[in-house]
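Have the sequence and the model open beside you as you read.

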Amino acid sequence: MDPCIAELASHSVEGWHPGGGVQQYIETAEITVLSSPARDIGGIQDQGAILVNGTHELTGNPSSSRLGAQLAVVQPAGLSQHVVASAPSPYDEATLWILDSESPTIWSHTLELGAPSVGASLAVLNPGAGTVLLGAPETSGGEGEVVIVDVMTGEASRLAHGAGGLGESVAAGDLNGDGINEILGGAPYRDGPGAILVWDGANVGPGMEPDVTVAGSTEAASLGGLGLVVADLDGDGTGDLCAGAMTAHGDVVVVYPGESKLDLASSARVQGPDGAWFGNVLASPGDIDGNGSSELIISAHALTTYGGAFWVAGPIEGVVEPEVPLHGRDIGGVFGRSLGVASDQFVWIAEQAGDAEAGENSGVIWVLSTDLW
Ligand SMILES: [Ca+2]
Ligand SMILES: [Ca+2]
Ligand SMILES: [Ca+2]
């Protein structure tokens, strides 16, 4: 029997609102933030809420919704860590909430960008500068946006507007080793099999064309969904593009920048179990075992009836089959629909539990020590 999350987790955090489920989690030395973006408030669907340090609840405002759709941490130079919580909206206005981890200060920026879903995806661009990327994919796979936001000032810069659901995912990482993070935007419906657009971080500005487009293929279709991260999977010191497919039959591809200029044909592949939604979400906690290559944690929420997640250690070369998965509990829930890195020592995996129709679905965040691997 594969290991069950309940036997391996370091600790767990229970959701606090029946029916809402839990989706995102941050845990630092100073602060914990738990999000429930599907929570209904005052009869308004999906207003969303976050819970800070287990006691202080912040609910979404009526002009935006799905508070806590995404969370991230930045640490602007000379300041404490700040947690960023997105609240995208089906309308042309979104809110970005900022929490100073060392004081109870919480404030927000209203982003009126004339585009819906701003903040459906979120990634830290430059933690020391306090800049983040927000993706704004329209529903139905139409046009979308990638936006750069200064967390402290709320100043927003629209980097790109494009077809194929651009902004379904965003990611940042240094792919060419110059010390400046590149900007990645996923467009999973672009030209059929999807694509990931890459801008060189050293030379980027509003309206500029991407420097590289990594186009999906029949073997790597629906590329550019939420499973997108930059991590050094071959241990050469520069980041590599890791992307899961947004389909039930997905694999995770690792594209090495090298001299191939991000050519999908020369990528490595982690081959997941068929039909498990393998790689729909993934994250990298960095190099845990100290061999120089980063590790990945990969979701597979339709694995068996419990859901699952896989740990894959770098280096990844050729075609790799992942080892024994973690699975959820036998409670009729879904384990692994979202996951992430909680801190230097911990990763987290969400489990939606109970009967949502009966209002029981408050969900659980399972926190795992990376020492396990
Ligand atoms: Ca770079
Ligand atoms: Ca590398
Ligand atoms: Ca490693």
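A residue is called buried if 20 or more other C-beta atoms lie within 10 Å of its own, exposed if 12 or fewer do, and partly exposed in between, with C-beta atoms placed from the backbone. Helices (H or I, at least four residues) and strands (E, at least two) are DSSP runs, numbered from the N terminus. The model is a predicted one, in which local features need pLDDT of at least 70 and side-chain atom pairs count only at pLDDT 80 or more, while totals for chains, interfaces and linings use all residues. Residues are numbered from 1 along each chain as its sequence is written, and chains are lettered from A and ligands numbered from 1 in the order in which they are written.

How much of strand S19 is covered? Six of the six residues in S19 (240–245) are buried. On one side sit Asp 240, Cys 242 and Gly 244, on the other Leu 241, Ala 243 and Ala 245, and both faces are covered.

Strands count as paired if DSSP finds at least two bridges between them. In general, strands of a sheet pair through backbone hydrogen bonds, either parallel or antiparallel. S19 pairs with strand S18 (residues 223–231) in the antiparallel sense, and Leu 241 in S19 is the bridge partner of Val 230. S19 also runs antiparallel to strand S20 (residues 252–255); here Ala 243 has Val 253 in S20 as its bridge partner.

| Strand pair | Sense | Bridges |
|---|---|---|
| S18 and S19 | antiparallel | five bridges |
| S19 and S20 | antiparallel | four bridges |
| S14 and S15 | antiparallel | five bridges |

**The open sheet**

The order S14-S15-S16-S17 describes an open sheet of four strands with antiparallel pairing. Its edge strands, each pairing on one side only, are S14 (169–173) and S17 (212–215). From one strand to the next the twist averages 20°, with axes taken as lines fitted to C-alpha atoms (for helices over the stretch in contact) and angles running from 0 to 180 degrees between N-to-C directions. In S15 (residues 182–187), Gly 186 is the bridge partner of Ser 169.

**Gly 239**

The loop between S18 and S19 holds Gly 239. Why is Gly 239 buried? Gly 239 counts as buried because 25 other C-beta atoms lie within 10 Å. Leaving aside residues up to four places away in sequence, Gly 239 touches Gly 173, Asp 174, Leu 175, Val 230, Ala 231 and Asp 232, where contact means C-beta atoms, placed from the backbone, within 7 Å. Gly 48, by comparison, is 191 residues from Gly 239 in sequence and 34 Å away in space, C-alpha to C-alpha.

How values were computed:
Contact = placed C-beta atoms within 7 Å.
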